[in-house]
Amino acid sequence: MSDTAVPPPPTSPREFPCGACGARLEYSAGARQMRCPYCGSEEKIPEATRTVREHAVETLFARKPAAQVAGHRFVCQGCGAHIQGDHLAQTCQFCTAPLVTDDSADVQVPPEAVLPFTVERRAAHDALGTWTNSRWFAPNSLKKVNEAERFKSTYLPHWTFDAQTVSDYKGQRGEYYWVTETYTVQENGKSVTKTRQVRKTRWYPARGRVSRFFDDVLVNGTTQVAPEKVDALKPWPLDKARPYAHEYLAGHEALRYDVEPEQGLQTAKQTMARTIEQDCKRDIGGDEQRVTSVDTAYSQVTGKLLLVPVWAGAYLHGGKTWQIVINGCTGEVQGERPYSAAKITAAVLAAIVLIALVVFLFMQYGGG
């Protein structure tokens, strides 16, 4: 859909005071409404007046000046994360270092869509508690990540890209055939001749063309969370994404992207290339396939900035920061954990004492 067909996403921050007590309303996970954390008053989020749009990548690359989407912006003094939200924050949920006001004048693409939280704080705490309790020999400091100041609802930036691809490939098709092979073995001191069927492959040149339309190839837009942890949070229910509205950020925070759209598109093309290679192999057919070259033409390339929800926290142990993130839609937990040397030592000593006790009892009473 063209960029002028529907209204653009909002880019100026808004506040949502409670009509009953004047406090700030917060988006309620799993509901199409905001709720006051003090008096419980609720306000429904208006129906969207626009649809989620895909933008020509040239528009994303242009990065037209856009105002911040939240009232406060911070930068972490430790990991350098740029965080925005509608309330004051003191520490970074990604590394626990202090946050200070962010006065930088960077130009960013405004978010086009948002995947709202559906896992509320209590459910996230329960999921984290289950995960924590299943970590053997974890230090007690691991449990501190559940504290409110260290455990925050945060939207992570992601790019999504669409593209029509046409790929010309060259390769080889392998077809199996069988030959009879004679061999000799020793049986009871005598040489015995036997035969066996051996599989071989006959290769033929292959070439052809495949095409595919890629829809919403997802690319992580931040380096503040380890890529393997973000990937492990998948899948995301992208069909539940909604046109961006400030209401969904009320009471939550958002991380600004540090992966530029140009870099994001190159990463998306690498993801597409892996799928295209599989398409080429299926097109080659046969029993085995070799793809030696692929030349892909891209057209109708579009993209958008999407915010996805996580509960994020961090804690310090042994002079190192350990991160934990929870999928705000599914409750999937991904995190790092150290091992407590004290707990391991205690367990080893307990095992030694138990073995010594068993040996002592056996020596004392085993003979009787």
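Is Y248 buried or exposed? With a relative accessibility of 3%, Y248 counts as buried; that label goes to residues under 20% relative accessible area, while exposed means over 50% and partly exposed is in between (1.4 Å probe, protein chains only). Before the close-ups, keep in mind that this is a predicted model, where local features need pLDDT of at least 70, side-chain atom pairs count only at pLDDT 80 or more, and totals for chains, interfaces and linings use all residues. Residues are numbered from 1 along each chain as its sequence is written, and side-chain values use heavy atoms, with hydrogens and water left out.

**View 1. The whole protein, for orientation.** You'll find 5 helices and 15 strands here; these are DSSP runs numbered from the N terminus, with helices being H or I of at least four residues and strands being E of at least two. The protein has 368 residues, and 40% of them count as buried. Its accessible surface is about 19600 Å², with 52% belonging to carbon and sulfur atoms (Shrake-Rupley method, 1.4 Å probe; for residues, only the protein chains shown count as cover).

View 2. Three strands line up in the order β1-β2-β3, with antiparallel pairing. β1 (26-27) and β3 (42-44) stand at the edges with a single partner strand each, so one side of each has no neighbour in the sheet. Strands in a sheet pair through backbone hydrogen bonds, either parallel or antiparallel. Here, β1 pairs with β2 (residues 33-35) over 2 bridges, and two strands count as paired if DSSP finds at least two bridges between them. Look for Y27, which stands opposite M34 in β2.

View 3. The protein has 5 aromatic pairs. One of them is Y27 with Y248, edge-to-face at 5.3 Å centre to centre and 75 degrees between the planes. Y27 sits in strand β1 and Y248 in the loop between β11 (242-243) and β12 (253-255), so this pair links parts of the chain 221 residues apart. Y27 is buried too, with a relative accessible area of 5%. As for the rule, rings of Phe, Tyr and Trp (its six-membered ring) pair if their centres lie within 6.5 Å; planes under 30 degrees apart are stacked, over 60 edge-to-face, and the rest tilted.

**View 4. An aromatic cluster.** F117, F151, Y155 and W311 form one cluster. Inside this group, F117 and Y155 make an edge-to-face pair, 5.0 Å centre to centre with 70 degrees between the planes. F117 lies in the loop between β8 (113-114) and α2 (121-133) and Y155 in strand β9 (residues 151-187), so the pair ties together parts 38 residues apart in sequence. F117 is buried at 0% relative accessibility, and Y155 is buried with a relative accessible area of 0%.

**View 5. Charges over rings.** The charged end of R202 sits over the ring of Y177, 3.9 Å from its centre. R290 lies over the face of W203, 3.7 Å from the ring centre. To qualify, NZ of Lys or CZ of Arg must be within 6 Å of the ring centre and within 35 degrees of the ring normal.
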